[in-house]
Amino acid sequence: MAHLLIVEDDELLRDGLSAQLMQAGHRISLAEDGQIALERLEAQSFDGVVLDLGLPKVDGLSVLRRLRERLPALPVLVLTARDGVEDRVAGLNAGADDYLTKPFSLDELQARLQALLRRANLPAAGAPRTASAGAETLRLESHPPRVWIGQDAVDLTLREWTLLELLMRHTGQVVSREDVITAWQAEPGDSSGVASNALEVYVHRLRRKLASAPLNIRNIRGLGYMLEASGV
Ligand code: CA
């Protein structure tokens, strides 16, 4: 059982989501606009959030950005109204863990959400790993998911963490797009698909977070990605 926050201004959809997820045994809190969502997030702790992007008062992207400042590891599934790639990219850039485009089936939503919740509850994936690539040392920490660049900690979402862990394990080697998607799917219960073009968004986001590290995530055209010391 998880405590979930559903943020959706469409009453019919909100009620449908609520009924479905309560049926699945979860405890549900509701918010019909972005302002109420922020208040609920401030006042209570949640295990996951279903967040519509098109919301009155405070839009979903702003809610997501503000939520991420304080709760970097909270699983967030974003609902986008259009099949527009801009919405998805903006949502992923703002820190969503996954997204669904309306209309979607409630079963699909439940499956995706379960996958996010299971991933969030994974025990620490082994001891913290270090990777020496360049003069600086990166150190990964799994609880909470973050990376240390020297003395600075940078918070990561779960998928960013898995991606970076894979790249660090293979520093100087090419990691294929399929390897990354397989690693995401290999996490117990993660049956949610990741579109191949979404991977670029995650890589882009990770590059920005690692901007102060003397490292590059190089795009190896047609093959995949490689972590290497910058300036090499
Ligand atoms: Ca809406």
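**Terms and the values behind them**

Author: In helix α4, which spans residues 85–93, Asp87, Arg88, Gly91 and Leu92 are buried, where buried means under 20% relative accessible area, exposed over 50% and partly exposed in between, with a 1.4 Å probe and protein chains only. The model is a predicted one, in which local features need pLDDT of at least 70, side-chain atom pairs count only at pLDDT 80 or more, and totals for chains, interfaces and linings use all residues. Residues are numbered from 1 along each chain as its sequence is written, and side-chain values use heavy atoms, with hydrogens and water left out.

Reader: What makes α2 roughly parallel to α3?

Author: The axes of α2 (residues 34–43) and α3 (residues 60–70) come within 10 Å and cross at roughly 10 degrees. Angles under 35 degrees count as roughly parallel, over 145 as roughly antiparallel, 65 to 115 as roughly perpendicular and the rest as oblique, and therefore α2 is called roughly parallel to α3. The crossing of the two, α2 and α3, is right-handed.

Reader: Which residues make the contact of α2 with α3, and how do they divide?

Author: On the α2 side they are Gly34, Ala37, Leu38, Leu41 and Glu42, and on the α3 side Val63, Arg66, Leu67 and Arg70, contact meaning heavy atoms within 4.5 Å. Five of the residues are nonpolar, one is polar and three are charged, given that Ala, Val, Leu, Ile, Met, Phe, Trp, Tyr, Cys and Pro count as nonpolar, Asp, Glu, Lys and Arg as charged, and the others, Gly among them, as polar.

Reader: Why is α6 called oblique to α7?

Author: Helix α6 (residues 158–169) and helix α7 (residues 177–186) pack at an angle of about 125 degrees, with their axes 10 Å apart. That angle makes α6 oblique to α7, and the crossing of α6 and α7 is right-handed. Arg159, Thr162, Leu163 and Leu166 in α6 meet Asp179, Val180, Ala183 and Trp184 in α7, and the residues of this contact divide into five nonpolar, one polar and two charged.

Reader: How many helices and strands are there in the protein?

Author: The protein has eight helices and 12 strands, which are DSSP runs numbered from the N terminus, helices being H or I with at least four residues and strands E with at least two.

Conventions. Axes are lines fitted to C-alpha atoms, for helices over the stretch in contact, and angles run from 0 to 180 degrees between N-to-C directions. A crossing is left-handed if the near helix is turned anticlockwise from the far one by less than a right angle, and right-handed if clockwise.
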